Amino acid sequence: MSLEALSTNRAFGGTQGVYRHMSAATGTAMTFSVYVPDHAEGERLPVVWYLSGLTCTHANVTEKGEYRRACAEHRLIFVAPDTSPRGESVPDDPAGAYDFGLGAGFYVDATQAPYATNYRMWTYVTEELPELVGASFPVDPARQAIMGHSMGGHGALTIGLTFPDRFRAVSAFAPIVAPTRVPWGQKALAGYLGDDRATWRRHDAVALIEDGARLPALLVDQGEADPFLAEQLRPDLLRHACDAAGIDLTLRMQPGYDHSYYFISTFMADHLAWAAARLV
């Protein structure tokens, strides 16, 4: 796979890069960012995968996430992919809604026309991009963590629960924890996967836990002033599922914080420190 560097910049004793490549999974060009702390020749570093939310690209967290100082301190590579395939030939929501189609791939492999050809974000994030990053950057594949925000928090939780031996740390900011039970998730899962709700369960963190998936611990931050808290996010359902399953959930309800990158950037260093402690 050929990798094109779109930009590289020095930051906190490391290099922030933005890269583009042609994806076999999505059939489109895909752009992602990688921060790499300075390191000795031949040294392999732990990696944190960050999945973004609805309407976002790699650029949101890269420009507003304030992660580089902590990544340099803990010597963590930070990878931020896009949230969906892009391009004029890629089908979008017919009504142009923000919560489906471009910017809203929901980290699934679509099976429904016309989305099945391009919307294969599960394969892209769990297979293709890790292979490319592992071949191009000094990643230690035995030390990986995953985190995300909102729709990306949903992706981080479901991927982490599906591959518990791959990820030593899993955390999220304001995740959609039970997409089969909330409007955002029901729209996306029906549109991408069809009407058989049994097929939705592998893309629902609460359902995965109910069906036997396990992780030793989870860290979740949620703003109490988040306008999507009650209808779309439902951290109470995750708390109940983790309590029943014996999963050590640290759920921190943050007074006054909303759904924005002001919230995410405030607690980003905490999540990276939590990951770093599990990646030694």
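Ala, Val, Leu, Ile, Met, Phe, Trp, Tyr, Cys and Pro count here as nonpolar, Asp, Glu, Lys and Arg as charged, and the others, Gly among them, as polar. Keep these classes at hand for the cavity stop below. The model on screen is predicted.

**Stop 1: the cavity lining.** Select Trp49, Val125, Pro130, Gln144, Ile146, Ile159, Arg166 and Phe167, which line the largest cavity. Colour the selection by class: the lining has six nonpolar residues, one polar and one charged. Next, show the cartoon for helix H3 (121-136) and strand E6 (139-149), the elements that each give two or more residues to this lining.

Stop 2: Keep the lining in view and turn to the volume inside. The largest cavity holds about 40 Å³ of space. How many cavities of 30 Å³ or more does the structure hold? The count is one.

**Stop 3: Cys56.** Select Cys56 and show its side chain. Is Cys56 buried or exposed? Cys56 is buried, at a relative accessible area of 7%. Now set a distance label from its sulfur to that of Cys71, the closest cysteine sulfur. The separation is 18 Å, so the two are too far apart for a bond; a disulfide requires the sulfur atoms to lie within 2.5 Å.

**Stop 4: Cys71.** Cys71 is in no disulfide, and its nearest cysteine sulfur belongs to Cys56. Cys71 is buried as well, with a relative accessible area of 0%. By the distance rule, the disulfide count comes to zero.

Technical notes: Residues are numbered from 1 along each chain as its sequence is written. This is a predicted model: local features need pLDDT of at least 70, side-chain atom pairs count only at pLDDT 80 or more; totals for chains, interfaces and linings use all residues. Side-chain values use heavy atoms; hydrogens and water are left out. Buried means under 20% relative accessible area, exposed over 50%, partly exposed in between (1.4 Å probe, protein chains only). On a 1 Å grid over the protein atoms alone, a cavity is a set of points where a 1.4 Å probe fits but cannot get out, and a pocket is an open set with protein on both sides within 12 Å along at least five of seven lines; lining residues have an atom within 4 Å of a point. Grid points are joined across faces, edges and corners, and a volume is the space filled by probe spheres set on the points. Helices (H or I, at least four residues) and strands (E, at least two) are DSSP runs, numbered from the N terminus.
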